[in-house]
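Q: Can we go through this structure together? Please show it first.
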Amino acid sequence: MTYVITEACIGTKNTACVGVCPVDCIYDAGDHFMINPEECIDCSMCMPECPVEAIYPDDEVPEDMRHFTTKAAEFDYSSIAPGVESN
Amino acid sequence: MTGMKQRRLEEVKALSVEEAVEIMRQAGIVGAGGGGFPTYVKYKAPQPCLIVNATESEPGYWGDKLLHKEHLEEFLQVFEAMKTIFGFERISMGVHEKDREWFADYQEHASDGVYDIRYVPDTYALGEEKTLIKHATDTRVPRFLETPDGTRRPGMPLDVGIIVNNTETLLNVYNALFLGKPLTTKFFSVYGEEMKLKVYEAPIGASVSEILRIAGIDVEDSGHLSVTDGGPYLHDMAIEELGNGDAYVRRMTNSLFLLPRGRQGKEYADITTDPPKEGIVSLVGKISGVNLPLGGGLLKPATPLVSEGDEVEYEHKIGEPAEEGFSIGVWASMGGAISSVENDIVAIAGGAIPQEEAEAEAEASSAGGAPPRGEAEPFQEAEAETSR
């Protein structure tokens, strides 16, 4: 299980989720933040923090946003750094 | 009917919802798992299901598992009583898969039909209640929902008819309903760099430095260490540099975790610990002073019932819950003289300040000025034992 950051993060990139993540698994993927599913511990703390409700449990991601799940699963995280909280 | 007094099982079961809620409020019970949410508020509107969160997840946490081991009978009674009082259709214990053997006695008693056990994956999830609900039931707490006034808020367990309370919180409910005993202590681990893990029951408001000394740490000579209130993942910094400043045991302190100054707690995420052979060690009656908060967090400060100079005994009521807002009763976590009531904190027996600081203040004030905070009579251990 993991959580997935979707469309609404683009253009928002509020970093509240980054601040609460206990395992620092939220990365800055350019347009939006992204959760590394290999590192996510399924704690759900990020979900209510998101002011634009962009974060879903992976089995509740709406049909038209599923590509975010795929992208997060296939991404090479070694090439980018964890997000930094800046709120 | 709602006074703090001993009650037999049948008497507890005869309490109304309102009476039981009032006892919890007066007893000062808040979520001991770390949330600190006032417990009585959750039971004002009873839900069909209670989930007992026994999945303490931070590496090094043993308090809840030890409490289950030592208080099986108490948990069985409080489950039975709460099922009757609040009309729960179901009480489920949430237990990690890895802890099946530890909870074998509970599995055996589950066949009595009062409660069941839901085993959940060991995945570390901070004991988070929404994650627990996801794994322990077929239900999902909604991500967000509309409120009647048109705003949106994150979903909560009660949105799906569930109350979640952690182990220690429910033991505190047992103590209040059955023993008439208010909340005055907290269970937590002390562990980390340079020491073997210990689990203490300590008076709320006790000095962290004093507890570390009791645990065998040379506080004054350990400036290279920090101590957090909380585990490797989730914590607040308690003392950045040991020997310099102090912190106090809170109603939601679950551990004091020692690590080299400047290091990140998360670097210790994979530590493994064993439960202490001696079990839980009580420090009640062994602490020189406390600083007891009348409120804090979501809590509106209780109205103090004592003033400077008053003598109080252990478990003497010192704060009456405020009428408005979330507020709880506050009770003396040790006997002694009230040394100050200021900033919504009641200090007993000089407060929870390191002894040398107290002595320095005493010297400074002997030249005139305010009476020293460290001068109160030392707490009599024997009295504490008999009054428990």
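This is a predicted model: local features need pLDDT of at least 70, side-chain atom pairs count only at pLDDT 80 or more; totals for chains, interfaces and linings use all residues.

Q: OK, how do H4(B) and H5(B) pack, then? What angle, and how far apart are the axes?
A: The angle is about 90 degrees, and the axes are 5 Å apart. H4(B) and H5(B) are therefore roughly perpendicular to each other.

Q: Which residues meet there?
A: From H4(B), Leu67(B), His68(B), Lys69(B) and Glu70(B). From H5(B), Leu72(B), Glu74(B) and Phe75(B). By type, that contact has three nonpolar residues, one polar and three charged.

Q: Switching to H2(B). Why is it described as largely enclosed?
A: Because nine of its 11 residues are buried. The helix covers residues 17-27 of chain B.

Q: Which ones are buried?
A: Val17(B), Glu19(B), Ala20(B), Val21(B), Ile23(B), Met24(B), Arg25(B), Gln26(B) and Ala27(B).

Q: And what covers them?
A: The cover includes helices H3 (39-44), H5 (72-86) and H8 (167-179) of chain B. Strands S16 (317-320) and S17 (330-331) are also included.

Q: What follows H2(B)?
A: Gly28(B), with a positive phi near 85 degrees.

Q: Zooming out, how many helices and strands are in chain B?
A: 11 helices and 19 strands.

Q: How much of the chain is buried?
A: 55% of its 388 residues. The accessible surface of chain B is about 16300 Å², with 48% belonging to carbon and sulfur atoms.

Q: What about contacts in chain B with a separation of 6 or more?
A: Residues 24 or more positions apart account for 69% of those.

Technical notes. Residues are numbered from 1 along each chain as its sequence is written. Chains are lettered from A and ligands numbered from 1 in the order in which they are written. Side-chain values use heavy atoms; hydrogens and water are left out. Helices (H or I, at least four residues) and strands (E, at least two) are DSSP runs, numbered from the N terminus. Buried means under 20% relative accessible area, exposed over 50%, partly exposed in between (1.4 Å probe, protein chains only). Contact means heavy atoms within 4.5 Å. Accessible areas come from the Shrake-Rupley method with a 1.4 Å probe; for residues, only the protein chains shown count as cover. Axes are lines fitted to C-alpha atoms, for helices over the stretch in contact, and angles run from 0 to 180 degrees between N-to-C directions. Angles under 35 degrees count as roughly parallel, over 145 as roughly antiparallel, 65 to 115 as roughly perpendicular and the rest as oblique. Ala, Val, Leu, Ile, Met, Phe, Trp, Tyr, Cys and Pro count as nonpolar, Asp, Glu, Lys and Arg as charged, and the others, Gly among them, as polar.
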